[in-house]
Amino acid sequence: MLFMILLHFGLGLWIDRNAEDKNLQKLILCLMVVIDVCILGYFKYLNFIVSIFTGKMDTFKIALPIGISFFTFQAISYVVDVYRGKGKVQTNFLNVGLYISLFPQLIAGPIVRYETVADEIEHRKENLNDFAVGVNRFIIGLGKKVLLANQFAVMSDTVFGNVNSTSTTNSFLLLWMGAIAYTLQIFFDFAGYSDMAIGLGRMFGFHFLENFKYPYISKSISEFWRRWHISLQTWFKDYIYIPLGGSRVKSKVRLVFNIFVVWFLTGIWHGANWTFIVWGLMYFVLLILEKFFHVDQKMGRFKHVYTVFFVMLGWVLFRSDSLSSALVYIRSMFGFGCKGFMDAYVIQYCQQYGLYFIMGILCSMPIFKNINHIFKKNMIYNLVYIVCMCGILYLSIIFIFSNAYNPFIYFNF
């Protein structure tokens with residue numbers, strides 16, 4: 001990370017000092033991309049690439065630097081935004097270091113683009129209101145992660161752990177419960193971390209952009225990706241899709257190619273596994289079907305069902321250890337290879353996690369946000385709200401100390 005900070009600090013200065021020579025600037029950008037791809041390729045993908053030819057996955061013992069995908073993308077954002085004139089070049093090495101290594105979102109996002117915080121790096125003003133809002137947002141994120149995501153993780157890890165590349169011991173209903181559990185887990189895990197990062201940043205005077213906007217209420221795959229991991233999708237749009245020509249190209253073939261590149265890279269960005277690549281390509285196909293054949297509009301009143309169904313299948317792919325395991329899981333979800341319709345674990349999990357499922361579904365919709373908007377000027381409501389926030393913080397601390405199970409999904413990214 002220190003090397004990346006030093007490298008991009010120097011590249012930013014080099015580009016700024018050659019503002020009149022556009023060809024040299026483009027050459028510097030190409031050099032940056034080559035170096036960054038090589039660094040990411042070595043740490044994240046070398047073993048995967050070697051395994052394609054040898055069949056052995058762990059040929060090289062390479063330690064993965066935590067958060068490398070996030071801080072690499074932010075480093076690229078800094079240099080490109082300086083090139084585009086959307087952010088002032090930093091002559092102070094520590095300011096570039098602050099931006100790239102900003103601790104609230106360093107290891108789990110959101111990806112903060114340089115142009116959104118360029119001014120605040122030097123001129124931010126902390127105040128009590130921002131600090132209070134930040135504390136509130138942090139507590140909400142902590143509750144999402146500890147009180148919801150970690151509970152769903154226990155169930156989803158058990159169900160997915162009973163699936164291998166050839167068979168499963170799960171029943172039909174248990175497989176669907178496991179898929180729903182992981183669908184809720186990954187949302188509250190990542191949205192929780194994003195809320196905590198936004199809250200911590202706000203305490204220090206940084207205003208990070210939103211990363212999630214209730215994605216599970218979407219009525220199309222396109223809408224889902226406008227609401228899910230917004231910082232990643234806007235990064236790919238602004239730094240990959242638009243430079244390739246975006247949608248303003250002369251042929252549909254080129255448009256399809258541009259969309260393919262974005263979704264192939266989106267898939268492989270998440271990890272060195274065929275499951276991530278196929279997951280990204282699945283969304284490529286769905287988005288093409290929506291863009292050219294308007295599949296989502298043809299679903300009528302079932303738009304939401306159609307969207308959630310494919311999102312859930314995508315998460316099964318995303319969570320599985322291998323493509324063969326994912327195929328076994330998905331096939332069994334439709335009754336081919338599962339162990340009966342239901343078993344004792346279904347009843348056990350309904351009793352143990354029923355309340356979590358209800359709260360998870362409710363919290364994935366803007367119900368509480370709307371209630372807060374309606375009653376935010378009511379003094380009694382505000383007092384109750386403060387008590388609830390304190391209760392969430394207290395329960396989260398209790399859960400952290402009483403439960404050692406705390407999976408970190410986004411470590412691989």
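Before listing anything, I settled on a cut-off: I call a residue buried when its relative accessible area is under 20%. I also kept in mind that this is a predicted model.

**Entry 1: helix H9.** I began with helix H9, residues 230–241. How many of its twelve residues are buried? I found nine, so H9 is largely enclosed by the rest of the structure. I wrote them down as Ile230, Ser231, Leu232, Gln233, Trp235, Phe236, Asp238, Tyr239 and Tyr241. Next I asked what covers them, and the cover includes helix H3 (68–84), helix H5 (114–123), helix H8 (221–227) and helix H10 (252–269).

**Entry 2: helix H5.** The buried residues of H5 are Tyr114, Val117, Ala118, Glu120 and Ile121. I saw that they pack against H3 and H4.

**Entry 3: H1 and H4.** H4 came up again, this time with helix H1. Helix H1 (residues 2–16) packs with helix H4 (residues 93–100) at an angle of about 125 degrees, and their axes are 9 Å apart. I noted H1 as oblique to H4 because of that angle. Which residues make the contact? From H1 I listed Met4, Ile5, Leu6 and Phe9, and from H4 Phe93, Val96, Gly97 and Ile100. Sorted by class, the contact of H1 with H4 has seven nonpolar residues, one polar residue and no charged ones. I also recorded that the crossing of H1 and H4 is right-handed.

**Entry 4: the largest nonpolar core.** I then turned to the largest nonpolar core, which has 98 residues. Trp228, Tyr283, Trp315 and Tyr329 touch the most other members. Helix H7 (residues 172–203) gives the core its largest share, 13 residues.

**Entry 5: Leu184.** My last stop was Leu184, which sits in helix H7. Is Leu184 buried or exposed? Its relative accessibility is 5%, so I counted Leu184 as buried. Leaving out neighbours within four places in sequence, I found Leu184 in contact with Phe152, Phe357, Gly360 and Ile361. I also looked up how far Leu184 lies from Ser251, which is 67 residues away along the chain: their C-alpha atoms are separated by 39 Å.

Methods
Residues are numbered from 1 along each chain as its sequence is written. This is a predicted model: local features need pLDDT of at least 70, side-chain atom pairs count only at pLDDT 80 or more; totals for chains, interfaces and linings use all residues. Side-chain values use heavy atoms; hydrogens and water are left out. Buried means under 20% relative accessible area, exposed over 50%, partly exposed in between (1.4 Å probe, protein chains only). Helices (H or I, at least four residues) and strands (E, at least two) are DSSP runs, numbered from the N terminus. Contact means heavy atoms within 4.5 Å. A nonpolar core is a set of buried Ala, Val, Leu, Ile, Met, Phe, Trp, Tyr and Cys residues joined through side-chain atoms within 4.5 Å. Axes are lines fitted to C-alpha atoms, for helices over the stretch in contact, and angles run from 0 to 180 degrees between N-to-C directions. Angles under 35 degrees count as roughly parallel, over 145 as roughly antiparallel, 65 to 115 as roughly perpendicular and the rest as oblique. A crossing is left-handed if the near helix is turned anticlockwise from the far one by less than a right angle, and right-handed if clockwise. Ala, Val, Leu, Ile, Met, Phe, Trp, Tyr, Cys and Pro count as nonpolar, Asp, Glu, Lys and Arg as charged, and the others, Gly among them, as polar.
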